[in-house]
Every structure is written in C-alpha cells, then in structure tokens.
Amino acid sequence: MAGYVIIIREKTTDEAGYPAALEKYSEHAVRSPLEKLTALATRNTRFQVLEGDGAENIALLKFPEYSDALDWYNSDAYQEAIPHRKSVARFRAFVLEGKD
C-alpha cells in the first residue's frame, strides 16, 4: 500500500528568518532520496481546517509503499534538512499507509 507523508506547519516563530531557513532546508531536502516520490500532492495551496487547531501550511507527499515514505523521512539527507525548517516554525509530521 502507498505511503503518505503529511507535514503541517502549525506556526511560524521567526518570520524574518523563515526565507533563509527554508532555502537551507530545500538545499538539503533535494538531496534526499526522492526517486520514489510519486507525487507532491499539495504544497502552499488552499486548504481549510475543519476540526482542531489551525495550520499555516500543509504538504502531502505520496510514495509507492509505506516503507518508502519512512525511508525518505529517515534518510540522512532529509534528517539534515529538518532542523532548518524547525528553527523558524513549529511543525507536525505524520506517515500513514493508504490506498493508491
């Protein structure tokens, strides 16, 4: 079954530092094993919170298998990227198994 990674930006904590941190994050993230990423379903697009706490942004990534999603998230390159985005905002991240 497919694996989905959901990354939620709950609150930006450093507006001034966000652009530079995101650039550093992107430099590392593009080196992560993206060959199995089948879709960047959404990023910086319209969404509406229907229940619970609000969010500033949501990214949804699709991989062929649940294990592929975990391998990507746990890769050295992506782990090196994470501190850059977390230095300027609060996030939550999930991996879930689902149908194609």
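Author: One term to begin with: contact means heavy atoms within 4.5 Å. Helices (H or I, at least four residues) and strands (E, at least two) are DSSP runs, numbered from the N terminus. Also, this is a predicted model, where local features need pLDDT of at least 70, side-chain atom pairs count only at pLDDT 80 or more, and totals for chains, interfaces and linings use all residues. Residues are numbered from 1 along each chain as its sequence is written, and side-chain values use heavy atoms, with hydrogens and water left out.

Reader: Good. What do the buried residues of α3 pack against?

Author: They pack against β1, α1, α2 and β4.

Reader: And which residues of α3 are buried?

Author: Ala77, Tyr78, Ala81, Ile82 and Arg85. Buried is under 20% relative accessible area, exposed is over 50%, and partly exposed is in between (1.4 Å probe, protein chains only). These α3 residues sit on the same side of the helix, because they cover an arc of only 140° around the axis. The arc is that of the directions from the helix axis to the C-beta atoms.

Reader: What's exposed on the other side of α3?

Author: Asp76 and Lys86.

Reader: OK, how do α2 and α3 pack, angle and distance?

Author: α2 (residues 66-74) and α3 (residues 76-86) pack at about 60°, and their axes are 5 Å apart. Axes here are lines fitted to C-alpha atoms, for helices over the stretch in contact, and angles run from 0 to 180 degrees between N-to-C directions.

Reader: Which residues make that contact?

Author: From α2, Trp72, Tyr73 and Asn74; from α3, Asp76, Tyr78, Gln79, Ile82 and Arg85.

Reader: Which residues of α2 are buried?

Author: Asp68, Ala69 and Trp72. They line one face of α2, since its buried residues fall within an arc of 100° seen down the axis. Their cover includes β1, β3, α3 and β4.

Reader: Switching to α1. How many residues does it have, and how far does it reach?

Author: α1 (residues 18-29) has 12 residues and reaches 16 Å from its first C-alpha to its last, close to the 16 Å expected at 1.5 Å a residue. That expected span is 1.5 Å times one less than the number of residues.

Reader: Which of them are buried?

Author: Tyr18, Ala21, Tyr25, His28 and Ala29. An arc of only 95° around the axis puts them on the same side of α1. The face turned away from that buried side carries exposed Pro19, Ala20 and Glu23.

Reader: What about the core, how many residues does the largest nonpolar one have?

Author: It has 17, and those with the most contacts inside it are Val5, Ile7, Leu61, Phe63, Trp72 and Tyr78. A nonpolar core is a set of buried Ala, Val, Leu, Ile, Met, Phe, Trp, Tyr and Cys residues joined through side-chain atoms within 4.5 Å. Its largest share, 4 residues, comes from α1.

Reader: What does Val5 touch?

Author: Leaving aside neighbours within four places in sequence, Val5 is in contact with Ala59, Leu60, Leu61, Phe63, Ala69, Trp72, Phe94 and Val95.

Reader: Last one: where is Leu34?

Author: Leu34 is in the loop between α1 and β2 (39-42). Leu34 is partly exposed, at a relative accessible area of 32%. Not counting residues up to four places away in sequence, Leu34 touches Ala29 and Trp72.
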